[in-house]
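Please look over the chain shown here, with an eye to its strands, its pocket and the cover of single residues.

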Amino acid sequence: MADRRTHAHDGDVVVFLIGMRPTKWWRVDKLAPVLAAMPRMLAELERNKARAAQGLEPHLGSRTAIGPGGPVVIQYWRSTDELYAYASNPDAAHVPAWRAFNRAVRSAPGAVGIWHETYAVPAAGIETMYVDAEVGLGAATGTVPAGRRGNRAAQRLGTTTQSDAATDAEVAPA
């Protein structure tokens, strides 16, 4: 049987998505500050990953994806308060990058769009499964054997019914 794993983090998670949508590709001068700033912020957050694993840092990890609408970064945080504290910390990379972006795009409105979405997810609302793949929350926080939270998705999500429990006895790994 393949190695079935689930995320290692115990507790609530804040999922923060932030993306860029270039709308005027010929305005490379306006895209460059945004493209240059994100790697610096991600590197700053990644340097703290060892501290995050010890529960000493609020940022759990990040992943970047490129899609037809442009790049998007998926970040995992311990709380919205900690996310907002980082975003407003003048000594961190975000505030100077945000100011530079605003200066750059002021002269060319609509050249590049920035968006973000924040999801505060209670621990009881998280279910993950990784089989020979460590991505998303599992990559950010590490993984543990799936049985730790249950062998079925409904168990890991805490929505197991009595009929699920009967079926679980039949499919539980030996």
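What follows is a set of questions and answers on this predicted model.

Q: Among contacts between residues at least 6 apart in sequence, what percentage join residues at least 24 apart?
A: A contact here requires heavy atoms within 4.5 Å, and the count takes in pairs of residues at least 6 apart in sequence. Of these contacts in the chain, the part that joins residues at least 24 apart comes to 71%.

Q: Which residues lie closest to the centre of the largest pocket?
A: The space in the largest pocket is about 640 Å³. Its lining is made up of 32 residues, and the closest to the centre of the pocket are Ile-18, Met-38, Met-41, His-94 and Ile-114.

Q: Which element gives the most residues to the lining of the largest pocket?
A: The elements that give two or more residues to the lining are β2 (13-22), α1 (28-47), β4 (70-77), α3 (80-88), α4 (94-106) and β5 (112-121). With 9 residues in the lining, the element that gives the most is α1.

Q: How many residues of the lining of the largest pocket are charged?
A: Asp, Glu, Lys and Arg are the residue types that count as charged. The lining divides into 26 nonpolar residues and 6 polar ones, while the number of charged residues is none.

Q: Over how many bridges do β2 and β5 pair?
A: Strand β2 is mostly covered, with 9 of its 10 residues buried. In its pairing with β5, Met-20 has Ile-114 as its bridge partner. The two strands run in the antiparallel sense, and the number of bridges over which they pair is 10.

Q: Which residue of β4 stands opposite Phe-16?
A: Strands β2 and β4 run antiparallel and are joined by 6 bridges. One of the residue pairs between them sets Val-14 with its bridge partner Trp-77 in β4. In β4, the residue that stands opposite Phe-16 is Gln-75.

Q: How many residues lie between β3 and β4 in the hairpin that they form?
A: Strands β3 and β4 pair in the antiparallel sense over 8 bridges, and Gly-61 has Tyr-76 of β4 as its bridge partner. Strand β4 is largely enclosed by the rest of the structure, because 6 of its 8 residues are buried. In the hairpin formed by β3 and β4, the number of residues between the strands is 2.

Q: Is Ser-62 buried or exposed?
A: Ser-62 has its place in strand β3 (residues 59-67). Leaving aside neighbours within four places in sequence, Ser-62 is in contact with Leu-42, Val-73, Ile-74 and Gln-75; the C-alpha atoms of Ser-62 and Leu-42, 20 residues apart along the chain, are separated by 7.5 Å. Buried means under 20% relative accessible area, and Ser-62, at 12% relative accessibility, therefore counts as buried.

Q: What distance separates the C-alpha atoms of Thr-64 and Pro-39?
A: Thr-64 is found in strand β3. Leaving aside neighbours within four places in sequence, Thr-64 is in contact with Leu-42, Val-72 and Val-73. Thr-64 and Pro-39 are 25 residues apart along the chain, and the separation of their C-alpha atoms is 9.9 Å.

Q: Which are the edge strands of the open sheet of 3 strands?
A: The order of this open sheet is β6-β1-β7, with antiparallel pairing. Strand β1 (residues 4-7) pairs with β7 over 3 bridges, and the bridge partner of Arg-5 in β7 is Pro-145. The edge strands, each of which pairs on one side only, are β6 and β7 (143-145).

Q: Is Asp-132 buried or exposed?
A: Asp-132 is found in the loop between β6 (130-131) and α5 (136-141), and its phi is near 55 degrees, a positive value in a residue other than glycine. A residue counts as exposed over 50% relative accessible area, so Asp-132, at 67% relative accessibility, counts as exposed.

Note on methods
Residues are numbered from 1 along each chain as its sequence is written. This is a predicted model: local features need pLDDT of at least 70, side-chain atom pairs count only at pLDDT 80 or more; totals for chains, interfaces and linings use all residues. Side-chain values use heavy atoms; hydrogens and water are left out. On a 1 Å grid over the protein atoms alone, a cavity is a set of points where a 1.4 Å probe fits but cannot get out, and a pocket is an open set with protein on both sides within 12 Å along at least five of seven lines; lining residues have an atom within 4 Å of a point. Grid points are joined across faces, edges and corners, and a volume is the space filled by probe spheres set on the points. Helices (H or I, at least four residues) and strands (E, at least two) are DSSP runs, numbered from the N terminus. Buried means under 20% relative accessible area, exposed over 50%, partly exposed in between (1.4 Å probe, protein chains only). Two strands pair if DSSP finds at least two bridges between them.
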